[in-house]
Amino acid sequence: MSCLHKPGPLNLKKLLLPLFLLSALCFVSGQELFPGEVTAKGDVIVFGGRVLDTSGQPVTGASVEIWQTDDQGVYDHPGDANTSRRDRGFQFFGTSFTDSSGYYSFRTILPGQYEPRPRHIHVKVRQSGREVLTTQIYFVKDARGFGGSTRNLMMELQEKTRPDGTVFFTGEFDFVVNSGGRGELRLTESQGEGPYYPMADLSLYDSDLARVDSE
Ligand SMILES: [Fe+2]
């Protein structure tokens, strides 16, 4: 068994990961959260985390919506001049609903770069249909993403190898949203949704963007 999260003895955060997430992020033959071969081009990322209020309480049943480019930095959007050349094996949009501990998870690919922006994944979090956060996640490995206001929107990726030798990356990212908590946690910074806002109902898409099922 190859587990993405190997809890260290002193890492309380990881020790407290519920069985759901441990199993979700572990690859056990026949029990993968994201089964099936990847159809998208690019480096596969499995990432997840929690949605919390400012008191640190999990926000359950929230929808986490993401949209991003394919491996070549192309959006599925009519405003992108290259959209006709987009990767048809990539889903571009996805939604994950938080569980009873506030956890969400996605399988996707490392977005490509389009000038002049660093790589990023757009995110919108809704609670009971109400938008509570719109932001973007950047990547520590992408040095161009460092600095300024994006510093606390970085996700670090860990390289992993599955038993069959395929390489993929994992990441964790928690969101603190304005959902009525009166605690001290700092809200995750909001950022605009950009010109390539999704022209789709993201709730209709699953949380596995790396695989497009052919009907
Ligand atoms: Fe963008």
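User: What share of the contacts in the chain with a separation of 6 or more comes from residues 24 or more positions apart?

Analyst: This is a predicted model, where local features need pLDDT of at least 70, side-chain atom pairs count only at pLDDT 80 or more, and totals for chains, interfaces and linings use all residues. Residues are numbered from 1 along each chain as its sequence is written. Two residues are in contact if their C-beta atoms, placed from the backbone, lie within 7 Å. Residues 24 or more positions apart account for 67%.

User: How many helices and strands does the secondary structure come to?

Analyst: Both are DSSP runs numbered from the N terminus: helices are H or I with at least four residues, strands are E with at least two. Along the sequence the pattern is β-α-α-β-β-β-β-β-β-β-β-β-β-β. The count is 2 helices and 12 strands.

User: Why is Y205 partly exposed rather than buried?

Analyst: A residue is buried with 20 or more other C-beta atoms within 10 Å of its own, exposed with 12 or fewer, and partly exposed in between; C-beta atoms are placed from the backbone. Y205 lies in the segment after β12. Y205 is partly exposed because its count of other C-beta atoms within 10 Å is 19.
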